[in-house]
Every structure is written in C-alpha cells, then in structure tokens.
Amino acid sequence: MIQGDDTPDMDKGLNQRQLVHLMYALFAVGILSAGIFGAAVLAAVVLAYLKRGDMVGTVYAGHIDWIIRTFWWGLLWLALSALASLIFVGFVTGLVAVIWIIYRIAKGWLAHWAGETPLPGL
C-alpha cells in the first residue's frame, strides 16, 4: 500500500508522551544501577534539553523542567556530599541525595502516567 503525502507522521518516531517516558526510564536506569549506566542519566538530560522547545505549552513541559531540575539539584547535592565525605558525613548526605533523586523520578513518572504535571517543590 502506498501512502500519500497527507498521512500523519505518527509512525515516524516517538511521540511526546513516549519521549517523556523514555527520559524517566533512562534517568531511573542510570540512578538505580548505582552509576554503572551513568551515561543514561546524561542521555535523559540531553534529550530533555533538546526536546524542551518542542514541548512548550504542553502538559509535558512541566515534566521536562522536572527532569532537568532533578538532575542539576541532584548533581549539586551529590557533589557537596562527595566534598563532605572528607569529614565523614558525606556518606549520609549522599544517601539522602540519592533517595531524594529516586523520589523525584518516581513522583514525576507517576504523575506522567496519570497525565498530570508534577507539582513544584520537593
């Protein structure tokens, strides 16, 4: 069957909903693998930055910002925890930071499944 030029290009790639699922999945794999697949987190954030402009004005824009903010705040707290490990408290703060990142991924992904935007805040 030959398709005409007027057929929708829904099958030419992932739609926005699937892209957000992919970003959350990549982020989760990177974090839950204890950094073994750390490149997955970077891929999720790069993809979020690349698709940020395409999702302005949609329900997915909040998810993109959520993922980006989770990455940068998580990186900050993990870096500060690494620095604090020199005085033997960084392990505790690092664990708290990882739990916070997992919480943010779970909260955002569950909101995405429900078709909602994650709430701002913690």
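**Notebook: helices, salt bridges and a surface patch**

I began with residues 21–50, whose end C-alpha atoms lie 15 Å apart and which are 83% helix and 0% strand. Helices here are DSSP runs of H or I with at least four residues, strands are runs of E with at least two, and both are numbered from the N terminus. I note that the model is predicted, that local features need pLDDT of at least 70 and side-chain atom pairs pLDDT 80 or more, and that totals for chains, interfaces and linings use all residues. Residues are numbered from 1 along each chain as its sequence is written, and side-chain values use heavy atoms, with hydrogens and water left out.

**Entry 1: annotated spans.** I looked up the UniProt record, an unreviewed entry, which places the feature "transmembrane region" at residues 21–50 and 70–103. UniProt positions are given in the numbering used here, feature names are shortened, and annotations may be inferred rather than shown by experiment. For residues 70–103 I find 85% helix and 0% strand, with the end C-alpha atoms 10 Å apart.

**Entry 2: helix H4.** I checked the length of H4: its 24 residues reach 34 Å from first C-alpha to last, close to the 34 Å expected at 1.5 Å a residue. The expected span is 1.5 Å times one less than the number of residues. Buried residues of H4 include Gly90, Gly94, Trp100, Arg104 and His112. Buried means under 20% relative accessible area, exposed over 50%, and partly exposed in between (1.4 Å probe, protein chains only). Helix H1 (16–32) and H3 are among the elements that cover the buried residues of H4. Just after H4, Gly115 takes a positive phi of about 80 degrees.

Entry 3: I located His63 in helix H3. His63 counts as buried because its relative accessible area is 1%. Leaving out residues up to four places away in sequence, His63 touches Val20, Tyr24, Gly108, Ala111, His112, Glu116, Thr117 and Pro118; contact means heavy atoms within 4.5 Å. I then turned to Val29, in helix H1, which is partly exposed at 42% relative accessibility. Beyond its neighbours within four places in sequence, Val29 is in contact with Phe37 and Ala40. From Val29 to Val41 the C-alpha distance is 7.6 Å, at a sequence separation of 12 residues.

**Entry 4: salt bridges.** I searched the whole structure and found two salt bridges. The criterion is a side-chain nitrogen of Lys or Arg within 4 Å of a carboxyl oxygen of Asp or Glu. In one, Asp54 pairs with Lys51, the closest N and O atoms being 3.7 Å apart. Asp54 is partly exposed at 49%, and Lys51 is partly exposed at 28% relative accessibility. Asp65 and Arg52 also form a salt bridge, at 3.0 Å from N to O. This pair links distant parts of the chain, 13 residues apart: Asp65 is in helix H3 and Arg52 in the loop between helix H2 (38–51) and H3.

**Entry 5: surface patch.** I recorded a nonpolar surface patch formed by Trp73, Leu76, Trp77, Leu80, Leu83, Leu86, Ile87 and Val89, with about 830 Å² of accessible area together. Patches take residues with over 30% relative accessible area and no salt bridge, joining like charges within 9 Å and nonpolar side chains (Val, Leu, Ile, Met, Phe, Trp, Tyr) within 5 Å. Areas come from the Shrake-Rupley method with a 1.4 Å probe; for residues, only the protein chains shown count as cover. Leu86 lies in the loop between helix H3 (61–84) and helix H4 (90–113), and is exposed at 66% relative accessible area.
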